[in-house]
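Thank you all for coming; please have a look at the structure on the screen, and then I will take you through two parts of it.

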Protein chains: 2
Amino acid sequence: MTRLTNARLADGRRVDIGISEGRIASIDSACAASGAGAPTIDLEGALLVPGFVDGHVHLDKTLLGLPFQPHRPGDSIAERIARERELRRELSSPVGERAKRLIDQIVPLGTTALRSHVDIDPEVGLSGLHALLRLRETTRAVDIQLVAFPQSGIMISPDVADLLDAAIGEGADLVGGLDPAGIDNDVEGHLGVIFRIAERHGVGLDIHLHDPGPLGCWELRQIAARTLAAGLVGRVAVSHAFALGAVDDGEFGRTAEALARAEVAIMTNGPGPVPMPPVRRLVAAGVRVFAGSDNIRDAWSPLGDGDMLARAMLIAYRQDFRADADLELAFDLTTRASAGALGLENDGIRVGAIADLVAMPAGSIAEAVAARPRRSLVMKRGRVVARDGVLLERGVDA
Amino acid sequence: MTRLTNARLADGRRVDIGISEGRIASIDSACAASGAGAPTIDLEGALLVPGFVDGHVHLDKTLLGLPFQPHRPGDSIAERIARERELRRELSSPVGERAKRLIDQIVPLGTTALRSHVDIDPEVGLSGLHALLRLRETTRAVDIQLVAFPQSGIMISPDVADLLDAAIGEGADLVGGLDPAGIDNDVEGHLGVIFRIAERHGVGLDIHLHDPGPLGCWELRQIAARTLAAGLVGRVAVSHAFALGAVDDGEFGRTAEALARAEVAIMTNGPGPVPMPPVRRLVAAGVRVFAGSDNIRDAWSPLGDGDMLARAMLIAYRQDFRADADLELAFDLTTRASAGALGLENDGIRVGAIADLVAMPAGSIAEAVAARPRRSLVMKRGRVVARDGVLLERGVDA
């Protein structure tokens, strides 16, 4: 039993929280209850929120820990994939080491769970997956979900279909996909392969989709239809889905309706230079939207830092969110909604919930998004893993 | 004489810098020179850059220091102006106090000069200006330039023309303007008034322009033409100019050419939800682009924090800048280019330059924009005003 005293909840209540066996055991008005003898942490009125869930990272791609690597430009996604493969061959630091650096950076920022895509291609095969599976075994500070991600396409590099299937067999949690039209130029073929693998293993999917406008929306409706047909309702996500931000009302409505019916969730990182899915309109249409960092100092972008509170701000900034309710929605994308999309339990501060918790000096969720204060405490399943921006515990070193 | 030793310059050189009478007196290879007896600060290889110049803030609008104020939404700029005036009447903290809080926040972030607009309208008259003029007198850590800003329009509230004229007489540095079409519905009248005041007093202009598309571009060309006619070449800026991000190539080309010829500078804060001026294309066309924070926790937006390095990141993010040269351009907008637009001398690290300097742990400008590390040292005219994020000196308290 541990007690967190003087916590401020999002609804304004001041409470003491009892934690036992990694879960929230009690929530009492501050100072009302006694947990005589239990170790106590006084939060001094800090805002207590659920741990952040980063719905989209690439643990294997990060260059953290290496000297700063200048970006190597490419004009198309295909060119950028080629540039990344060049860079990858030159790196002195292995996947596991770089991924560990990333985790050490984001745990003190309050991330307690994440979904990472991991490249599967003919060149690296399953080696990235193996490295991340090993890292996952020794990591306690953050839950890790792994998506087998065909970064170099499937139909244009045929071995990949078998590799994806093997990846799921070896422990990847979901099947990934990538621009069935834009990269593979074969929507039927690409979706056929990944849905078959998902069905065979009974796992979900998370598909990267950058294809624009009406093409991207048509692919979204294909994905929704296959989700229904495969009985995977609620277990499929599409990451990016820029197309939803650049079509007319009719096209948007048709697509949002199809996504809502198949419970296909949409991940956004609030992209800078391209259209982004309109968050309020999607939520109003019944579509689950959740948030992720995407690139954190990697071959695709040097800019990300993995701070999900800053990501909520960025999404708010791009969506013209200013009112408290809007800032709360942006925050929700990084916590409750992303936990839901990942099928995790840590979805709020209630008795029985997993004690993945973050405290920070702020009077409200809206103020937290606006000010982005340092996280004073990060707790993973009832263990304090970081304080005041300093990592205390990642897990057991391999 | 003060010495900064072991500084890393943007070009990679390791140097020792001698500072005397507020200026850079010497730049020598690290450890080559002796400044025997002079007070020495060892920068330990930190990157040394010119102080940030925030080209657009609203010192009088910030709500910093007050409890977090929920945003009051408005559907149009006119409605938001009305909401702001309501809020302003209820505030318990005066302009000078809130502005001081903002300065105390941004000096440790490395801002050593700023341009602030200050509301002039029939309700507040010149009271905001007077408060900021008093604050300027007692502030040493940051240079303050003031723009007399007709936030409530000119032609629709006729007293304002005389108030703007009086504001310049009492110490404002530039004449402001606001959406001659969108707010005043009188481009000829609005521009006529502000250019006449500028000419009469021999001062420059900085005009807010949110008007969209071809209308905004037409107004930009009107401003450029009047700039030439008034002999104010190089002394006029337009803030925001969203229109430049949402017109066809012909319209863009005509407008950029007119701006370049009249040396009208464009200020951008890398806005989130609206089109933004395309930075590379404008620079290629010979137009000076510079950066500012705009709203920092005020009635217009709760999100800004005044960190110009984060602003450079945001501009890079919106403009799809990833390569080192692009990140350097974004950084340049916040330092050299904004100093130039404001007519300031502190435009680089060279012998004779004003010693407005910032040090931070980074290997290069690109890495600094990507990582946004804490500023380890901030120097204003040779005096250390902040270290490791902590303000040491704002100036003399009034």
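This is a predicted model: local features need pLDDT of at least 70, side-chain atom pairs count only at pLDDT 80 or more; totals for chains, interfaces and linings use all residues.

Two residues are counted as in contact if their C-beta atoms, placed from the backbone, lie within 7 Å. With that in mind, 100% of the interface residues of chain A are also interface residues in chain B, so the copies meet through the same surface. Residues are numbered from 1 along each chain as its sequence is written, and chains are lettered from A and ligands numbered from 1 in the order in which they are written.

The contact takes 25 residues from chain A and 25 residues from chain B. On the side of chain A that touches chain B, α9(A) gives the most, with 4 residues, helices being DSSP runs of H or I, at least four residues, numbered from the N terminus.

How are the two copies related? A rotation of 180 degrees, with 0.0 Å of shift along its axis, superposes chain A on chain B with an RMSD of 0.0 Å, by least squares on the C-alpha atoms of residues with pLDDT of at least 70 in both. The two copies are thus related as by a two-fold rotation axis, and in chain A the C-alpha nearest that axis belongs to Gly272(A), 4.0 Å from it.

Turning to a helix pair within chain A, the axes of α6 (residues 213-229) and α7 (residues 249-261) come within 9 Å and cross at roughly 25 degrees. α6(A) and α7(A) are therefore roughly parallel to each other, a term for angles under 35 degrees.

Terms used
Axes are lines fitted to C-alpha atoms, for helices over the stretch in contact, and angles run from 0 to 180 degrees between N-to-C directions. Helices (H or I, at least four residues) and strands (E, at least two) are DSSP runs, numbered from the N terminus. Angles under 35 degrees count as roughly parallel, over 145 as roughly antiparallel, 65 to 115 as roughly perpendicular and the rest as oblique.
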